[in-house]
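Subject: Handing over the two-chain model

Dear colleague,

Here is the structure I promised to pass on to you. Please open it next to this message and follow along, and you will find my notes below.

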Amino acid sequence: MTTLVRGGRLIDPLQGIDAVRDVLIENGFVAAIGEHLDANDARVVEAGGAIVAPGFIDMHVHLREPGQTHKETIASGTAAAVAGGFTAVACMPNTEPALDSAAIVSEVMRRADAAGLARVYPVGALTRARAGTELAPYHLLADAGCVAFSDDGSTPRDARLLRNAARYAADLPCVFISHCEDPDLKGDAVMNEGEASMRLGLDGAPGLAEDVIVARDLLIAADTGKAWHIAHVTTATSLDLIRWARARGVRVTCEVTPHHLAFLDDRFDDYRADAKVNPPLRGSHDREALRAAVLDGTVDVLATDHAPHGADEKAQLLSAAPVGFTGLEIALGAYALALPELTLGRFVELLAVNPARILGVPGGTLAVGMPGDVSVFADRPWTVDARLFRSKGKNTPFDGLVLPRRALATIVDGAVVFEHGRVLPREEVTA
Amino acid sequence: MPARSLLDVDDLSPAELVAVLDRAVAFREVLPPRDLLAGVPVLNLFFEASTRTATSFTLAEQRVGADVISFAPGASSLGKGETIADTALTLYGIGVRVIVVRHQQSGFARRLADAFEGHVINAGDGTHAHPTQALLDLMTLRQEFNRFDGLRVAIVGDILHSRVARSNIVGMRAMGIDVTLVGPPTLLPREFGAGGVRIERDFDAVLPHVDAVMMLRIQRERITGGLLASLDDYTLRYQLNRARLRSLGGSAMILHPGPYNRGVELTDDVLDDPRSRYVAQVHNGVFVRMAVLDLLVNGVPVAA
């Protein structure tokens, strides 16, 4: 099978390319980069006027399978991924049961293969059942395909256990990913602590709840030498802590989400849970710090924290409604909306180069011989209509907004899995 | 057009607020015929226990001739997983046109009002708002001072957990009252200082300079996680007692939304003090609630 991505502006920072180039993919791998390549009998993706990049990887996604398939399935989540311009996702382990055994991880990978859309890289649980009391079997999980470990959604309270986890897993390449919120400081918060929460009579989580766990985890990373990734950073102080740790040689990376870049904690006057998320949307001081940190290089990765839920679940009272919302299908536009000054080269670093490096997975460049995973997108405004999402989760605070950028075509392993607004599962590959 | 609701004081324009108080005063002087809401089904939906507010609303509803249904939904359909929208649809379908609702959670009244085609009156939602309490407090203040503008009022105690404080801040600011909040930093975070409200920690420094002091109940069930060291420690600085009554002006007024904890935020001396207006407050409450029902269902002419 041969695929030719023709006439697009190729942005490939690792190769230093920002020019109109054709990309030829044969048998799943990049075979040639050049001008006016011969199409022959290749499947052609016309990318004239569009931008072509190494496949985007969203390293923070909740696919909900197994156990919560009314919210999302591996098939629906990866359909949302490719429609949103992603060729791969890392899926978080807070499923039911959690991704804490090789058998479950293998089954997730089998179902991802069967879906035939985006690549799926499982993130294994950090502790058994994410309960924070016993280590998950890291070597078994890594053998089964896990690329990182996390108790995302919460954090182990026990610093000794976390330190031992980092020591025990020190020689595995899999990064630890932290969800940083102190459960005591957070309490029953449904939003950020600030003037809005005080006025509305709602429990708020202070930024401090995040900062103290970021500090703890950075110190454990420094102590153990384990590579660490701080998920969904939301505060100026956390960013300062990360800069401090990095200056001391700690192996730390971090990500920010589209919603924390775009929105403030002023979205709760109707007491609906549409914008309820952990960590919560913050105030303008923190949001401006996040935007600046993406531009100045402190932030390594843009990740959505795609967290689909049923409409009825999100329609509950604020205290009862689950946290999070879908992100895969608005991501590219949302990033461009929040960060209009971000260069395309940096954009590709944040979405492809750095996630591939941090997770230790192939990709991040379309150099000859690399996997034929390509994201084609353009700066064309469109209006979000969540009802049209491929994701089962139809809830997003971006619903109804006009976003300036969108995915046009997505190619995984040389197969065109999204084009002209349609998701196109790969045909069954026979061995 | 959706029916009007009263979720917080600022659902009323300043002119409407004054009109409601005027109407309440008129009702207090001469009870109206019992037909202002003749045949209108009014549901009292109290998810949270209430003595004075539930009784006051019920009496107000009966005095305007409404068909009163009272219901304390311990394990209602909402507890069985029915959505707010479905409950609202059902209640309207049954024929309910006004819901007076109290709920433990902030925002419940708003969520119900957004789904219900009739009128919703918020009788207290979590720590957020209690607009009819604020209206009766304003009515009691005006009764005494015949004005709002320039009055100095201190609200003292557990501001953080007080829907009464929040609604009074909104209502008093709208009426031009000079509001000072007094309490310890854990129960009065600095974020309350937004919008022209003063924050003071020293009750004794504030007392001599106010026209009215509103003492809030310490909500013991919410005092967790180190919000207070102890009640003794709190009362040393924030209790209104015999000694502090001496520094309160002779013509000043003491308000309390009730229920009070004798010996905590105030002592028996306060309740016996002639400046205490607790009885006037609860008395006015019935007329304010009649006026609110009348405004929402029938509209009230507002002078241009």
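**Two helices in chain B**

In helix H2(B), the residues Arg52(B), Ser56(B), Phe57(B), Leu59(B), Ala60(B), Glu61(B) and Arg63(B) meet Val282(B), Gly285(B), Val286(B), Arg289(B), Met290(B) and Leu293(B) in H11(B), where two residues are in contact if their C-beta atoms, placed from the backbone, lie within 7 Å. By class, this contact of H2(B) with H11(B) has seven nonpolar, two polar and four charged residues; here Ala, Val, Leu, Ile, Met, Phe, Trp, Tyr, Cys and Pro count as nonpolar, Asp, Glu, Lys and Arg as charged, and the others, Gly among them, as polar.

Before going further, please note that this is a predicted model, in which local features need pLDDT of at least 70 and side-chain atom pairs count only at pLDDT 80 or more, while totals for chains, interfaces and linings use all residues. Residues are numbered from 1 along each chain as its sequence is written, and chains are lettered from A and ligands numbered from 1 in the order in which they are written.

Helix H2 of chain B covers residues 52-63, and its axis and that of H11(B) are 8 Å apart, with a packing angle of about 50°. Helices (H or I, at least four residues) and strands (E, at least two) are DSSP runs, numbered from the N terminus, and axes are lines fitted to C-alpha atoms, for helices over the stretch in contact, with angles that run from 0 to 180 degrees between N-to-C directions. H2(B) and H11(B) are therefore oblique to each other, given that angles under 35 degrees count as roughly parallel, over 145 as roughly antiparallel, 65 to 115 as roughly perpendicular and the rest as oblique. H2(B) passes H11(B) in a right-handed crossing; a crossing is left-handed if the near helix is turned anticlockwise from the far one by less than a right angle, and right-handed if clockwise.

**The domains of chain B**

The domain assignment of chain B gives domain 1 (9-129 + 282-298) and domain 2 (131-279), and such bounds come from an automatic or database domain assignment. The C-alpha centres of these two domains of chain B lie 26 Å apart, and 23 residues of domain 1 are in contact with 21 residues of domain 2. On the side of domain 1 of chain B that touches domain 2, helix H1 (14-29), strand S4 (119-125) and helix H11 (278-298) each supply at least two residues, and the largest share, seven residues, comes from H11(B).

A second pair of helices in chain B is H5 (residues 131-145) and H6 (residues 163-174), whose axes come within 8 Å and cross at roughly 55°, which makes H5(B) oblique to H6(B). H5(B) passes H6(B) in a right-handed crossing. The residues of H5(B) that make this contact include Pro131(B) and Leu138(B), and those of H6(B) include Val164(B) and Gly171(B).

Chain B also has an open sheet of five strands, in the order S7-S6-S5-S8-S9, with parallel pairing; two strands pair if DSSP finds at least two bridges between them. Strand S7 (198-200) and strand S9 (253-255) of chain B stand at the edges, each with a single partner strand, so one side of each is left without a neighbour in the sheet. The twist averages 25° from one strand to the next. Strand S6 (residues 178-182) of chain B pairs with S7(B) in the parallel sense over three bridges, and Leu181(B) stands opposite Ile199(B) in S7(B).

For chain A the domain assignment gives domain 1 (2-51 + 371-382 + 402-423) and domain 2 (55-359), with C-alpha centres that lie 28 Å apart. The contact takes 21 residues from domain 1 of chain A and 23 residues from domain 2 of chain A.

Which residues does a cis peptide bond with omega of about 10° join? They are Glu65(A) and Pro66(A), and Pro66(A) lies in the loop between strand S6 (56-61) and helix H1 (74-83) of chain A. Arg64(A) is placed in the loop between S6 and H1 of chain A, and its phi is near 70°, a positive value in a residue other than glycine.

Finally, the contact between the chains takes 13 residues from chain A and 17 residues from chain B.

Best wishes
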